[in-house]
Amino acid sequence: MCGIVGYTGSKPALNILISGLEKLEYRGYDSAGVALNLNHQISLERAVGRLINLKNNTSTKAKLQDSACGIGHTRWATHGGPSEINAHPHVSGGLALVHNGIIENYQILRKNLEAEGYKFNSETDTEVAAHLLNKYLIKDHNLPEIALAKLMEKVEGSFAFVATCDRNPDQLLVARRASPLIIGIGEKEFYVASDVTAILEYTRQVIYLEDNDYAVLDSNQIAIYNAGQKVTRDISTIKWDLTQAQRGGFAHFMIKEIFDQPKAINDTLSGRLVASHADFKLLEIADWATQIKDLHRIKIIACGTAWHAAQVGKHYFERIARIPCDVEVASEFRYQEPIFQGNDLLICVSQSGETADTLAAIDLIGSQCLTLGITNVLGSSLSRKVKASMLTQAGPEISVASTKAFITQALVMYLLALKFAKLREQINPEELEKQLSDITLLSSTIHEILQSNSEVEKLADKYLDYKNYFFLGRGVAFPIALEGALKLKEVTYLSAQGYPAGELKHGPIALIDPSVVTVAVVQKEEPYFSKTLSNLSEVKARKGKIIVISDASEREEELRSVADDLILVPFINHFITPILTTIPLQVFAYETARKLGREIDCPRNLAKSVTVE
Ligand code: M6R
């Protein structure tokens with residue numbers, strides 16, 4: 001995700017900004033930039049790609065070294081592709097501003113500003129904030145706290161802003177809502193950052209700004225406000241070391257990304273699910289109404305974890321929207337001779353948007369039918385090849401084992417299925433409203449599940465000596481079993497096979513004995529619950545060990561009658577169950593790998609993005 005660094009003091013700001021941005025590189029980005037305030041002038045430097053490009057651009061300009069006040073940013077594209085024009089800082093008059101987050105009402109703000117004569121250079125949501133802040137500063141005779149308060153009133157969504165203006169060469173203006181921002185305190189100097197990692201080299205004394213705080217700082221003083229009142233905030237001392245801090249205090253990216261999931265869900269819903277649940281926006285397919293009504297069938301193509309998410313998606317499209325849907329692994333699909341018609345829809349799901357086999361599927365289909373991409377990376381090859389592309393807003397996924405991408409892919413397909421169902425009149429307004437309202441509970445429920453991860457950690461301890469696993473599920477729990485098995489094998493190197501629970505007796509049951517662990521995902525919906533329980537009795541009869549993950553807390557006794565261990569997750573509705581039951585499986589894989597001392601974030605033989613066949 002994007003990163004912010006700011007500095008005001010007496011040292012050369014450029015070096016501090018660049019070294020701070022380097023510390024944030026792990027978050028993933030596709031462009032970077034700095035703005036330096038010097039002699040009542042803003043110098044702007046931006047570059048696409050790695051930070052080294054920005055470093056090379058700035059290293060030849062000695063004058064930049066004289067500035068002791070500036071702001072820097074690494075951008076991970078959301079609104080507008082990765083380009084120099086879209087890179088931050090954005091400028092309005094003599095003001096430069098950087099932003100993390102998403103301004104949800106930027107389109108209307110932009111329209112209004114354009115009507116007032118403001119010119120826009122980028123496709124970003126951020127540029128509106130630069131224009132608004134500059135406008136308010138001029139209007140309010142440079143009273144920064146008033147201008148910041150007005151900006152916060154106008155802007156909807158999540159943001160961390162840092163700005164500097166040529167009229168006040170050592171001043172930084174900052175504001176935050178639902179996006180982190182901290183202020184580091186030095187000797188007659190202040191640092192600003194979206195993540196403590198960026199400034200840990202210089203200071204350990206920090207203020208964590210609270211939601212809706214805004215502040216004005218120069219090299220000597222800081223004034224923090226909230227809702228028009230001056231406030232004081234505690235100073236905390238950071239005790240982490242730098243390596244830990246880059247993972248936000250987590251031991252590995254995988255577990256950090258597992259814990260990022262509540263936020264990933266909120267970000268994916270942001271701008272799509274509006275406060276009133278009556279409607280929801282999927283702007284990417286806003287003009288597809290006629291095609292959706294005429295859809296004949298859907299085909300989803302993906303690899304690995306994305307293929308599992310696609311199987312969850314099939315369930316959504318068929319059960320909610322009543323559209324026939326089938327799913328295929330991209331590496332198989334690409335060598336077939338598929339038959340497509342104009343009213344078919346091909347959906348390709350890929351976290352990276354760069355998986356060679358998945359891209360080949362689109363090349364194979366060409367323009368025979370409608371194509372939709374679901375990807376986590378804006379501007380990726382997938383997003384450019386398809387007719388429309390839906391972005392999961394999971395943020396950069398660094399760990400090779402995919403976690404937050406999976407649940408956001410499933411969520412996007414859930415939203416699509418609801419939209420299709422609405423357009424095809426397959427869902428009544430009350431049911432639609434209920435399901436949209438259920439979706440708003442998803443993030444906090446995942447948070448709740450993660451709070452009890454110590455239960456799963458104990459399981460990992462208990463089963464540490466076991467070498468063979470079966471993961472079972474029926475219906476939509478089957479792809480979850482596949483995903484649980486993939487996660488475990490990727491990061492632990494243990495043998496783990498995912499199976500439809502009903503298939504066990506057709507062969508694999510021959511392998512069950514006391515040395516084999518069966519992990520079963522048992523959803524409360526009937527007939528899946530009873531049928532899966534019967535399959536587990538067959539395992540129990542052969543003295544296999546059984547761990548059950550279920551949302552059927554009211555049937556705990558029945559579950560305990562077959563399970564050696566039981567993890568219960570909350571129930572919201574049947575469509576959300578696959579997402580919730582995935583969380584303990586991710587934690588189980590992670591904790592087992594950690595206890596086995598595996599190289600979790602980069603497992604042997606694996607690559608994050610498989611760009612070869
Ligand atoms: O970037 P993609 O979603 O297209 O990647 C697909 C698979 O390579 C990926 O999901 C892989 O299976 C992960 N390592 C799973 O954790």
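Strand E13 (residues 222–226) pairs with E14 in the antiparallel sense over 3 bridges, where two strands count as paired if DSSP finds at least two bridges between them. Helices (H or I, at least four residues) and strands (E, at least two) are DSSP runs, numbered from the N terminus. Within this pair, Tyr225 stands opposite Lys230 in E14. This is a predicted model, in which local features need pLDDT of at least 70 and side-chain atom pairs count only at pLDDT 80 or more, while totals for chains, interfaces and linings use all residues. Residues are numbered from 1 along each chain as its sequence is written, and side-chain values use heavy atoms, with hydrogens and water left out.

**The antiparallel sheet**

E13 and E14 belong to an open sheet of 7 strands with antiparallel pairing, in the order E5-E6-E7-E8-E12-E13-E14. Strand E5 (90–92) and strand E14 (229–231) are at the edges with a single partner strand each, so one side of each lacks a neighbour in the sheet. From one strand to the next the twist averages 25 degrees. Axes are lines fitted to C-alpha atoms, for helices over the stretch in contact, and angles run from 0 to 180 degrees between N-to-C directions. Helix H5 (residues 144–154) lies across strand E7 (157–165), strand E8 (172–177), strand E12 (213–217) and E13, at about 150 degrees to E12; contact means heavy atoms within 4.5 Å.

**The parallel sheet and its helices**

A second open sheet has 5 strands in the order E22-E21-E23-E24-E25, with parallel pairing. Its edges are strand E22 (495–500) and strand E25 (565–568); each has a single partner strand, so one side of each is left without a neighbour in the sheet. Here the twist averages 15 degrees from one strand to the next. Strand E21 (residues 468–473) and strand E23 (residues 516–522) pair in the parallel sense over 6 bridges, and Leu472 stands opposite Ala520 in E23.

Helix H19 (residues 528–541) lies across E21, E23 and strand E24 (545–550), at about 170 degrees to E23. Helix H21 (residues 577–596) lies across E21, E23, E24 and E25, at about 135 degrees to E24.

H21 also packs with helix H14 (residues 404–423) at an angle of about 175 degrees, the axes being 10 Å apart. That makes H14 roughly antiparallel to H21, since angles over 145 degrees count as roughly antiparallel. H14 contributes Phe406, Ile407, Ala410 and Leu411 to the contact, and H21 contributes Ile579, Thr582, Ile583 and Gln586.

**The cavity**

The largest cavity has a volume of about 40 Å³. On a 1 Å grid over the protein atoms alone, a cavity is a set of points where a 1.4 Å probe fits but cannot get out, and lining residues have an atom within 4 Å of a point. Grid points are joined across faces, edges and corners, and a volume is the space filled by probe spheres set on the points. Val456, Leu459, Val519, Ile547, Ile549, Ile567, Pro584, Leu585 and Phe588 line the largest cavity. The largest share of this lining, 3 residues, comes from H21.

**Backbone geometry**

Most residues other than glycine have a negative phi, and most peptide bonds are trans. The table lists departures from this pattern.

| Residue or bond | Feature | Value |
|---|---|---|
| His88 to Pro89 | cis peptide bond | omega near -5 degrees |
| Glu526 to Pro527 | cis peptide bond | omega near 5 degrees |
| His40 | positive phi | near 60 degrees |

Pro527 is in the loop between E23 and H19.

Conventions: Parallel < 35°, antiparallel > 145°, perpendicular 65-115°, else oblique. 1 Å grid on protein atoms, 1.4 Å probe; cavity = no way out; pocket = protein on both sides within 12 Å on 5 of 7 lines; lining within 4 Å.
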